[in-house]
Amino acid sequence: MLVILFSIIFFSLEIFPKTDLFLDDGYYHFTIARLIGEGRLWIDISWLPYTILGAHGPDHQWLFHVLLAPFTWIPDNYLAIRIAIIFTGALVPIILFLILEKCKVPFPSLFALLSIFGGIGIPLRFEMLRAQNLSVLFSVLFIYFVIRRSYVSMAILTYLFFNAYHGAIITVPIIFIAIFVKYIKHHVLEKELLLYFFAAFGLAIIINPWFPRNIDYLLIHLFSKSDRALTQSIGTEWLPYPLSDFSKNIYPVNFAIFFAAGYFLFVVGKVRHYFREMSEEVLVFILLTLVVLGGTLHSNRFVEYYAPFAAISSGLLMRDAIGFYSRNDHSNSAKTTMLRYARKAWYLLTIFSLLVVGIVNISSYKKMDGYHVENYQPLAKFLHEQVKNGSIIFNTSWADFVFLMWQTTDYRMVNGLDVHFLADADQERFLLWYKTIYRYDFTSPTLIQDLRDKFSTNWIMVHAADATLAQYLLRQSGVTLRFHYPYGWLFYIDE
């Protein structure tokens with residue numbers, strides 16, 4: 001009950017007071033879910049024809065959109081998306097609590113809340129209405145089934161995971177970590193685990209509405225996102241997380257894992273017992289925590305995995321430490337009393353830290369500038385009145401795609417979701433787009449004609465941040481400003 005109340009109250013305090021939500025891709029996901037909610041089980045992604053998605057691209061987060069579809073039946077879209085954010089955000093600590101309780105972790109509420117609220121900026125990662133929420137839950141459930149050798153459940157989850165989010169590829173390192181831990185603990189290579197996993201993996205790839213296009217998308221998406229040349233074009237989430245900021249912002253989680261590790265080592269006492277007394281669960285989660293720690297320092301978006309994995313590792317370490325000590329019958333010793341007080345002091349300090357960090361998160365969120373997505377409504381109205389349905393629009397900001405799509409799904413755009421999609425699909429078009437948008441290279445005397453011919457469009461949608469390009473276009477003959485809205489300009493290239 002504590003986890004449910006805290007989670008719902010926290011997310012409600014962040015989401016409901018704001019008229020301008022800090023969302024980008026979330027609007028896209030809700031729009032796709034809305035189309036599915038109208039009666040189609042799946043749809044092709046056809047709004048970004050020049051990207052790796054193509055004219056009939058795979059919905060790489062299909063089952064996530066299916067799960068969101070019922071929220072779209074609420075008549076008020078703005079209310080519906082808020083409820084969806086609160087539900088999908090609160091669902092994470094609630095499910096983690098149930099798993100921790102099933103694992104007999106002491107005080108599971110604390111570790112479940114620590115997983116999501118134990119750092120500045122972490123709750124925001126779970127408020128963006130993206131499939132990462134589902135990914136964290138599926139990853140933890142996946143480990144739970146693997147450790148308990150529930151291979152049929154693991155296989156079913158694997159199939160669902162890969163059809164809900166391409167981030168399901170995290171199951172591959174988890175499997176090999178689990179195989180390694182099981183082998184060093186029991187000196188047995190669990191071939192059955194590998195068989196079930198890769199069979200489910202293969203079925204998830206093949207029994208899919210978009211096979212084999214989904215394979216191309218998965219490979220390109222996985223190996224392109226780490227391209228440092230484009231990270232700034234996507235946003236800051238793919239940039240490194242400075243160690244100093246990481247230590248400062250995520251201190252409740254970091255303190256928890258260090259305290260739990262120290263507590264365990266102190267209780268066990270002898271080095272030769274450390275490994276023997278650690279359960280498979282602890283070893284798998286600790287190794288996985290180290291992997292995502294490296295990922296977080298490389299790209300800060302992985303903090304949404306680090307915090308839950310580190311918090312769960314802490315809870316499991318405390319469980320194993322308490323279990324080890326109770327088995328050795330020291331219930332009346334002075335050491336027992338000291339350990340009990342140390343544990344209580346840590347619990348109280350962590351609860352206080354959660355409250356402090358929670359207040360900081362809420363106050364910080366209130367100060368953040370969100371997106372006034374309703375400002376795109378006049379533009380959508382103009383397009384409906386003046387531009388043929390299905391027309392392609394050259395857009396300078398990838399984010400404009402999701403905001404306009406919230407208002408209308410009748411138009412296609414050059415770039416959307418992230419710039420890698422265009423870069424991987426067509427280098428020539430991408431370089432022209434990149435040169436125009438980021439370098440403001442207007443030296444070519446045929447630039448306007450190139451934009452029109454290469455992208456088969458007469459419409460250029462310039463974001464307010466690209467005012468330099470807008471000023472250039474205003475000076476060109478054969479280019480007409482047709483519409484101005486709060487977030488930018490819409491130009492028309494004459495035939």
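In the predicted model, F22 is partly exposed, with a relative accessible area of 22%. This value lies between the limits of 20% and 50%, and therefore F22 is classed as neither buried nor exposed. The aromatic partner of F22 is Y371, and the two rings are stacked, with 6.0 Å from centre to centre and an angle of 25° between the planes. A pair of aromatic rings is described by the distance of the centres and the angle of the planes. The angle of 25° falls under the limit of 30 degrees, which is why the arrangement of F22 and Y371 counts as stacked. Y371 is also partly exposed, at 24% relative accessible area. The positions of the two residues show what the pair connects: F22 belongs to the loop between helix 1 (2-15) and helix 2 (25-37), and Y371 to the loop between helix 18 (334-367) and helix 19 (377-386), so parts that are 349 residues apart in sequence are tied together. In total, the count of aromatic pairs comes to 51.

The secondary structure of the chain consists of 24 helices and five strands. The radius of gyration is 25 Å, close to the 23 Å that the globule rule gives for 495 residues, so the chain is as compact as a globular protein of that length. Along the principal axes, the C-alpha trace spans about 90 × 50 × 45 Å. Of the contacts between residues at least 6 apart in sequence, 74% join residues at least 24 apart.

Of the 495 residues, 57% count as buried. The chain exposes about 20,900 Å², of which 64% is supplied by carbon and sulfur atoms. Helix 20 (residues 398-407) has nine of its 10 residues buried, and it is therefore largely enclosed by the rest of the structure. The buried residues of helix 20 are W398, A399, D400, F401, V402, F403, L404, M405 and W406.

S109 lies in helix 5 (residues 108-117). With a relative accessible area of 12%, S109 is under the 20% limit and so counts as buried. When residues up to four places away in sequence are left out, S109 touches L2, V3 and F97. L134 is located in helix 7 (residues 132-147). The relative accessibility of L134 is 13%, and this residue is accordingly buried. Apart from neighbours within four places in sequence, L134 is in contact with F64, L67 and A164. Between L134 and H463, which are 329 residues apart in sequence, the C-alpha to C-alpha distance is 32 Å.

D245 is placed in helix 13 (residues 243-249). The relative accessibility of D245 is 29%, so this residue counts as partly exposed. The C-alpha atoms of D245 and L432 are separated by 37 Å, and the two residues are 187 residues apart along the chain. As regards charge, the chain carries 39 positive and 37 negative side chains. The centres of these two sets lie 10 Å apart.

Key:
Residues are numbered from 1 along each chain as its sequence is written. This is a predicted model: local features need pLDDT of at least 70, side-chain atom pairs count only at pLDDT 80 or more; totals for chains, interfaces and linings use all residues. Side-chain values use heavy atoms; hydrogens and water are left out. Helices (H or I, at least four residues) and strands (E, at least two) are DSSP runs, numbered from the N terminus. The radius of gyration is taken over C-alpha atoms; the globule rule is 2.2 Å times the number of residues to the power 0.38. Buried means under 20% relative accessible area, exposed over 50%, partly exposed in between (1.4 Å probe, protein chains only). Contact means heavy atoms within 4.5 Å. Accessible areas come from the Shrake-Rupley method with a 1.4 Å probe; for residues, only the protein chains shown count as cover. Lys and Arg count as positive and Asp and Glu as negative; His and the chain ends are not counted. The place of a charge is taken as NZ of Lys, CZ of Arg, CG of Asp or CD of Glu. Rings of Phe, Tyr and Trp (its six-membered ring) pair if their centres lie within 6.5 Å; planes under 30 degrees apart count as stacked, over 60 as edge-to-face and the rest as tilted.
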